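Good morning, and thank you for coming. Please look at the sequence and the structure on the screen, and I shall then take you through them part by part.

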Amino acid sequence: MSIEALKGATQAVMRDLVIGITGIALLAGSTGLELGGMPEGGMTTLVDVAGLILIIFAGAGLARAAVLRAAAIDTPSAVTAVPDDLPEVVPEVEEPLQLPPPPPQLPAGRGGGLDLDIVPIEPAEGRFRRLFDLAPIGIALVDDRGGVLASNAALIRLTGEDGLEPGYAFTDLVVHDRRFALSDAFDAVFGGAERITAPIEVSFRQRPDRVASLLLRRADEDHLAAALIHVIDVTERKELEVQFAQSQKMQAVGQLAGGVAHDFNNLLTAMIGFCDLLLMRHPPGDASFADVMQIKQNANRAANLVRQLLAFSRQQTLQPRVLDITDVLAELTHLLRRLLGEAIVLDVHHGRDLAPVRVDQGQLEQVIINLAVNARDAMPSGGQLSIATRNFASEDTLAMARDWMMAGGRERVPTGDYVMVELRDTGSGIPRDILPKIFEPFFTTKAAGQGTGLGLATAYGIIRQTGGFLFVRSEPGRGTAFRILLPRHTEVETSGLEIDLAPEAAPPRKSEIAGSGGRVLFVEDEDPVRAFAARALRQRGFTVEEAESADVAAARLDELVEAGIDVLVTDVVMPGMDGPALAEKVRERVPGVSIVFISGYAEDTFRRKLGDDPNVRFLPKPFNLKQLVQTVRDAMDEAAG
Ligand SMILES: Nc1ncnc2c1ncn2[C@@H]1O[C@H](COP(=O)(O)OP(=O)(O)OP(=O)(O)O)[C@@H](O)[C@H]1O
Ligand SMILES: [Mg+2]
C-alpha cells in the first residue's frame with residue numbers, strides 16, 4: 001500500500017471522526033451486515049466490535065470508513081459491492097483534516113490491501129471518545145422512542161446524573177413541567193421536521209437550579225430513526241437577563257417615584273403649613289385642636305412615605321458624616337431591643353478597629369431598623385437576631401458569589417476596603433422563588449395593612465446612594481442574613497458640606513423669637529406653598545416680598561433691592577429662570593444676601609453648582625412652620641453677621 005493511499009485513508013478516517021463526533025454514532029447492526037463480502041480479517045474484527053456498545057459502533061463505523069476508503073484506493077473492485085452510505089449528520093467538512101503521522105510502533109501492514117482496516121481503529125476511536133467527551137456542550141443521540149443511544153461527559157455533568165444507561169428515557173432527565181415541551185419537540189422531529197425551530201429551555205431533575213437550552217434535529221442512522229440533541233448551559237445568561245429586567249423595573253419605578261414625590265412634597269408642604277397656621281389659632285384645649293392635629297399627623301405620615309419613595313429612588317437628600325459604625329449601633333441597640341420584644345434575643349458583636357464610613361446616620365439607622373423589623377416579623381414565636389460588624393475587603397465578596405444574592409443584580413464591587421454590617425435571624429427564611437423579588441418596591445408577603453413592601457426597597461436605595469452594597473442569603477426554614485457593605489471613608493474626600501449641614505454645627509442664633517424683623521424675598525411658583533410661607537414668616541415679624549417666579553422677581557429686582565433684601569428664599573426648579581440663576585443675580589446686587597433654597601428634589605442635583613458657601617442653605621420640602629422660620633432666622637443671622 002502506497003504512502004499516498006495511507007494518507008488518503010487516514011484523512012478519511014479523520015473526516016469521519018469529525019462527522020462521528022457530531023453525529024455521534026453509527027447504529028447497531030449496520031456495520032457487520034454491510035461489510036459482507038469484505039475480506040475476512042477486517043470483517044471479523046469489525047463484527048466483533050459491533051454489538052457491544054454504541055460508541056464502539058462509532059469506532060467501528062469509522063474503521064469501516066477507513067476500510068472502505070483504503071479498499072477503494074487499492075482494490076476498487078471490492079468496494080463497488082459495498083454501499084458506502086455513512087450518514088453525514090453535519091455539513092461536510094470542507095478541508096480534510098491533517099492526521100498526525102501514525103505511531104511508529106504500529107505495524108505498517110500485514111501485506112494485502114486491507115491491512116489498514118484494524119490499525120486506525122483504536123487510536124481513532126479513543127480520540128473520538130476524547131473529543132466527544134471534551135465537547136463543552138452536552139450531546140446525546142436518542143432513538144424515536146426517546147431512549148438515549150449515546151451521551152457525552154458534558155451531558156452527564158449538566159444533568160447531574162451519575163451516568164446514563166443506553167435506552168434511558170431522555171425526557172426523564174428533565175424536570176417534570178418541561179417534559180411536555182420536550183415530547184412535543186420529539187414528535188415534531190420524528191414527525192418529519194428536520195429540526196426544531198427554536199431551542200427549548202429546560203432544567204434537569206437532578207439540577208433544577210440550572211437552565212439549559214436544547215436543540216433537537218433529526219439524525220437518522222441507516223434504517224434507524226434517531227435524533228441528535230445538543231444541550232447548552234444558559235444559567236448565567238438567564239440570571240443576567242432576570243437581573244437586567246429587574247434593574248430596569250427598579251429604575252422605572254424610581255423615576256416615577258421621584259416625579260410623584262416632587263409634586264407630593266409641594267402639596268404636603270401646604271397641608272402641613274396651613275395646619276401649623278390653624279394650630280396657632282386653635283391651641284391645645286380648643287375644640288378644633290384635635291381635628292387639626294389629626295390632619296397634620298396624617299400629612300406627616302404621607303410625607304414619610306414620600307421620603308421612603310425618594311430614598312428608594314435614591315433621590316433624597318442625604319446628610320453624610322464621617323461615623324464609626326460601632327457608635328451608631330451602640331446608640332441603636334436600645335431601640336432595637338424594644339422593637340424586637342421579649343421573645344427575640346438580640347446579640348450584637350462589634351468588630352475590632354472598624355474603619356470609619358461616611359454615611360447619613362439617620363438613614364443608616366433606618367436601614368438597620370427596616371432589616372430588624374423584617375427579622376422580627378419572620379420570627380413570630382421568637383428566635384435570635386445577631387448583628388455583627390467587621391472590616392471587609394472587596395475581594396471577600398468573591399467568596400460570597402455562590403450563596404449570596406446582591407440586591408439589584410450582581411455587579412462588580414469596586415476594589416477597596418469596606419465595613420460590613422451583618423444581620424442574621426433564625427426566622428422563617430425566604431423561599432427561593434420570591435428571593436429575587438424582595439427588594440422590589442411594594443413587594444410584600446405580609447397581610448394588607450401589615451407591610452407596604454417598601455422596607456427593603458428603601459434600604460437598598462439608601463445603601464446604594466451611600467456607595468455601598470446590600471446582599472441577602474436565606475435558607476427557608478432556618479433563617480435569613482443580610483449584609484450591608486459600606487465603603488471605608490478616606491480622609492481626602494472630606495468636604496465642608498457635612499459640617500454646614502449637620503444640625504449641631506449650626507451657628508448659635510443671635511436673633512430672638514418674635515419681632516426679629518428683616519426683609520425676605522420669597523420666590524415660589526406653587527401658590528399654596530408661597531401663601532402659607534409668606535403668612536408664617538410675616539406672623540413671625542419678617543417683612544416678606546412674594547414673587548411667583550424667578551422671572552417676575554428679576555424684573556422687579558431694582559425696586560426690591562431698593563427696599564432691601566436680607567434673605568432670598570427661593571424654589572429651585574421653576575418655569576423660566578431657576579432658583580440658582582436668580583440667586584446669582586440677587587447676589588450681584590446685594591453681596592451680603594443669605595440664600596435659602598427650598599425644593600422637593602434632592603439637594604445633590606444642584607448643590608455642586610453652588611459650592612460650599614455657608615451663606616446658602618437648603619430646606620427640603622415638605623417643611624413645617626417651625627423649620628421654615630428657624631431656617632430663615634439662621635439665614636438672617638448670617639446676613640447680619
Ligand atoms: N428577615 C426576613 N425573613 C423572612 N422574610 C423576609 C425577611 N426580610 C424580608 N422578607 C420578605 O421580604 C418581603 C419584603 O420586605 P420589605 O421589608 O421590603 O417589605 P415588608 O416588610 O413586607 O413591608 P414594610 O417593610 O414596607 O412594612 C417581606 O414581605 C418578606 O416576605
Ligand atoms: Mg419590612
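Let me begin with one pair of residues: Arg 390 has Met 420, in strand E11, as its bridge partner. Before I continue, please note that this is a predicted model, in which local features need pLDDT of at least 70, side-chain atom pairs count only at pLDDT 80 or more, and totals for chains, interfaces and linings use all residues. Residues are numbered from 1 along each chain as its sequence is written, chains are lettered from A and ligands numbered from 1 in the order in which they are written, and side-chain values use heavy atoms, with hydrogens and water left out.

First, the sheet. Strands of a sheet pair through backbone hydrogen bonds, either parallel or antiparallel. Helices (H or I, at least four residues) and strands (E, at least two) are DSSP runs, numbered from the N terminus. Two strands count as paired if DSSP finds at least two bridges between them.

In what order do the strands of the open sheet stand? The six strands follow the order E7-E9-E11-E13-E12-E10, and their pairing is mixed. At the edges are strand E7 (344–349) and strand E10 (405–406), each of which pairs on one side only.

Let us walk across the sheet. E7 and E9 are parallel, with six bridges, and Val 348 has Ile 387 in E9 as its bridge partner. Strand E9 (residues 383–393) then pairs with E11 in the antiparallel sense, over nine bridges. Strand E11 (residues 417–425) is in turn antiparallel to E13, over eight bridges; here Leu 423 is partnered by Phe 482 of E13. Finally, strand E12 (residues 469–475) is joined to E13 by seven bridges, again antiparallel, and Glu 475 stands opposite Gly 479 in E13. E12 and E13 form a hairpin with three residues between them, and Gly 477 in the turn has a positive phi of about 90 degrees.

Why is E13 described as largely enclosed by the rest of the structure? Eight of its nine residues are buried, where buried means under 20% relative accessible area, exposed over 50%, and partly exposed in between (1.4 Å probe, protein chains only). E11 is also largely enclosed by the rest of the structure, because seven of its nine residues are buried.

Second, the ligand. Ligand 1 is surrounded by 20 residues, that is, residues with a heavy atom within 4 Å of it. The closest are Asn 374, Thr 444, Thr 445, Lys 446 and Thr 452. By class, this shell has eight nonpolar, 10 polar and two charged residues; Ala, Val, Leu, Ile, Met, Phe, Trp, Tyr, Cys and Pro count as nonpolar, Asp, Glu, Lys and Arg as charged, and the others, Gly among them, as polar.

Which atoms approach the ligand? An N or O atom in the side chain of Asn 374 is 2.8 Å from an oxygen atom of ligand 1. For Gly 455, a backbone N or O atom lies 3.2 Å from an oxygen atom of the ligand. Thr 480 places a polar side-chain atom 3.4 Å from a nitrogen atom of ligand 1. On its own, ligand 1 has 590 Å² of accessible area, and the protein covers 89% of it; such areas come from the Shrake-Rupley method with a 1.4 Å probe, and for residues only the protein chains shown count as cover. Helix H12 (361–378), helix H14 (455–465) and strand E13 (479–487) are the elements that give two or more residues to the shell. H12 gives the largest share, three residues.

Third, a buried glutamate. Glu 524 lies in the loop between strand E14 (519–523) and helix H16 (527–539). Is Glu 524 buried or exposed? Glu 524 is buried, with a relative accessible area of 0%. Its side chain reaches the backbone nitrogen of Glu 526 at 2.8 Å. The side chain of Glu 524 also makes a polar contact with the side chain of Lys 621, at 3.1 Å. A polar contact is a pair of N or O atoms within 3.5 Å; within protein, one must be able to donate a hydrogen and the other to accept it, and residues adjacent in sequence count only if both atoms are side-chain atoms.

Thank you for your attention.
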